[in-house]
Amino acid sequence: MISDSLRNQTTGFTQEIQGLLNGTIARHVQIKAVALQVGDDRLFMLGHLLDKRTLTAQRFRLKPRAPKVELWMDVSFQMRLDAEREHLMVHKSFIGMFGSEDAKHGLFHYDYERDKVDGYPDAHLQIDASSEFFGTLNDPKRDPGRSLAALHFPVGGKRFRPCLEDVIEFLVVERIVEARDGYEKFLETGRERFRRNQLMAAMRRDPATVDRFIERYRAAERS
């Protein structure tokens, strides 16, 4: 059975993501959550109009600044409780930009997979691009023909990775998409919430550093 704590926290996160997208660069996005029982673990899959059978989220259309072109965004999350079974955490996430509803290749995508086992960074960025110079750097025996799009650029690890707000801001300030009036307040609120949650998680995992900071702060107050 899915715990009430996980369900309630997931519902709140679902509403946050939906409100963020609809308040900035999208319209009519409906983030759905599907509960899963995987062995002893409890998971939630989140995404736009998530299909309960395939567990696949649908892409949603954005309004690009360029005329006569399509732009689709793909956002999905897999959530679970942390080791203490108290706090919701992202186990996997995907944020990508594509030129059609079903295109296999697009502009870029951010991936996060906690404790990734294939040697690539847990949090990484892949850009669907080519580089003639990069082609000269490939080992002809091991990586012949490897493209720039195959590279996994690390982006801060599990604790300091970019959030959805960062990607939205990039799309707006680089004049790729049209934003809604007042979008900045959604970014500011969401980013502050994300960073605070990440800071709290880091503190829980490293109480010794927290103790040292508190002692140093108290010492500075006494001096």
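Is Asp-74 buried or exposed? In this predicted model, Asp-74 has a relative accessible area of 13% and is therefore classed as buried, the cut-off for that class being under 20%. The residue belongs to strand S4, which spans residues 71–81. A polar contact of 3.4 Å joins the side chain of Asp-74 to that of Arg-59. When neighbours within four places in sequence are set aside, the contacts of Asp-74 comprise Arg-59, Phe-94, Ile-95, Gly-96 and Phe-98.

Eleven salt bridges are present in the structure. One of them pairs the side chains of Glu-16 and Arg-193, with an N to O distance of 3.2 Å. This pair connects distant parts of the chain, since Glu-16 lies in helix H1 (residues 4–22) and Arg-193 in helix H5, 177 residues apart. Glu-16 is partly exposed at 31% relative accessibility, and Arg-193 is partly exposed at 26%.

A further salt bridge is formed by Arg-53 and Asp-51, whose closest N and O atoms are 3.3 Å apart. Here Arg-53 is exposed, with a relative accessibility of 75%, whereas Asp-51 is partly exposed at 23%. Lys-116 and Asp-118 also form a salt bridge, with 3.2 Å between the closest N and O atoms. Lys-116 is buried at 19% relative accessibility, while Asp-118 is partly exposed at 45%.

Terms used: Residues are numbered from 1 along each chain as its sequence is written. This is a predicted model: local features need pLDDT of at least 70, side-chain atom pairs count only at pLDDT 80 or more; totals for chains, interfaces and linings use all residues. Side-chain values use heavy atoms; hydrogens and water are left out. Helices (H or I, at least four residues) and strands (E, at least two) are DSSP runs, numbered from the N terminus. Buried means under 20% relative accessible area, exposed over 50%, partly exposed in between (1.4 Å probe, protein chains only). A polar contact is a pair of N or O atoms within 3.5 Å; within protein, one must be able to donate a hydrogen and the other to accept it, and residues adjacent in sequence count only if both atoms are side-chain atoms. Contact means heavy atoms within 4.5 Å. A salt bridge is a side-chain nitrogen of Lys or Arg within 4 Å of a carboxyl oxygen of Asp or Glu.
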